[in-house]
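Q: I have this one open and would like to talk through a few parts of it. Can we start with the core and go from there?

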Amino acid sequence: MEEEKSFSDICGGRLALRRRYYSPYCREFGLSSPRLSLRSLTAVTCAVWLVAYGLFTLCENSMILSAAIFITIIGLLGYLHFVKIDQETLLIIDSLGIQMTSSYASGKESTTFIEMDKVKDVIINEAIYMSAKPRLDCLIEVYRSCQEILAHQKATSTSP
């Protein structure tokens, strides 16, 4: 069963939470944020280049314009590859473990897997990473579902 629900991020932007229930003890959550806006990209690029042109007219040094172009390109590539996350996925399998995947705007993916016997509890640490920046209502929904699976896993591991 799959369902999708809309939430908002801390800035009021739209986020989509996709939930897949493969079984009562295997769930996947995918949080998608909006793609990079061409309008904001153009605004930042124009601002950097206007400042560079202003400095060029004062100093009459063409290296300023070259540096502005270089900094803009390197900054954009760094932002797309290391900062801008398009989707975060959390897969919880009761008997196996937890897998967290982050998909960046450049296409890069980062995956972490934690075996279930090493998991004691789930803590949502969005205050430090702040990648998709969901509001509390979205985080609570994911947290409660994780706790249900962990409670079942602990109950089955302690029973003879």
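Q: Which residues touch the most other members in the largest nonpolar core?
A: This is a predicted model, and in it the largest nonpolar core has 17 residues, with Leu-17, Leu-90, Ile-92 and Ile-98 touching the most other members.

Q: And which helix or strand gives the most to this core?
A: Helix H4 does, with five residues, while S2, S3, strand S4 (85-93) and helix H4 (136-158) each supply at least two.

Q: What is Leu-17 in contact with, leaving aside its neighbours within four places in sequence?
A: Its contacts are Glu-3, Glu-4, Lys-5, Phe-7, Phe-29, Gly-30, Leu-31, Cys-138, Glu-141 and Val-142.

Q: Which residues are paired with Leu-17 in the strands, then?
A: Lys-5 stands opposite Leu-17 in S2, and in S3 the bridge partner of Leu-17 is Leu-31.

Q: How many bridges join those strands, and do they run parallel or antiparallel?
A: Strand S1 (residues 2-8) and S2 run antiparallel and are joined by seven bridges; S2 and strand S3 (residues 26-32) also run antiparallel, with seven bridges between them.

Q: What about the hairpins, how many residues sit between the strands?
A: The hairpin of S1 and S2 has five residues between the strands, and there Gly-12 takes a positive phi near 95°, whereas the hairpin from S2 to S3 passes through two residues.

Q: Switching to pockets, how much space lies in the second largest pocket?
A: It holds about 380 Å³, and of the 19 residues that line this pocket, Asp-9, Tyr-79, Lys-84, Ser-131 and Lys-133 lie nearest its centre.

Q: What is the lining made of, in terms of nonpolar, polar and charged residues?
A: The lining of the second largest pocket divides into eleven nonpolar, three polar and five charged residues.

Q: Where does the largest share of that lining come from?
A: It comes from H2, which gives three residues; strand S2 (14-23) and helix H2 (62-83) each supply at least two residues of the lining.

Q: Last one, Ser-110: where is its place, and why does it count as partly exposed?
A: Ser-110 lies in strand S6 (residues 109-115), and it counts as partly exposed because its relative accessible area is 33%, a value between the 20% cut-off for buried and the 50% cut-off for exposed.

Q: And what does Ser-110 contact, apart from neighbours within four places in sequence?
A: Ser-110 is in contact with Met-100, Thr-101, Ser-102 and Tyr-104; as for Glu-88, which is 22 residues apart from Ser-110 along the chain, the C-alpha atoms of the two are separated by 9.5 Å.

How values were computed
Residues numbered from 1 in each chain as written. Predicted model: local features only at pLDDT ≥ 70, side-chain atom pairs only at ≥ 80, totals over all residues. Heavy atoms only, no water. 1 Å grid on protein atoms, 1.4 Å probe; cavity = no way out; pocket = protein on both sides within 12 Å on 5 of 7 lines; lining within 4 Å. Points joined across faces, edges and corners; volume = space filled by probe spheres on them. Helix = DSSP H or I, 4+ residues; strand = E, 2+ residues; numbered from the N terminus. Nonpolar A, V, L, I, M, F, W, Y, C, P; charged D, E, K, R; others polar. Pairing = 2+ DSSP bridges. Core = buried A, V, L, I, M, F, W, Y, C linked by side-chain atoms within 4.5 Å. Buried < 20%, exposed > 50% of the residue type's maximum accessible area, 1.4 Å probe, protein only. Contact = heavy atoms within 4.5 Å.
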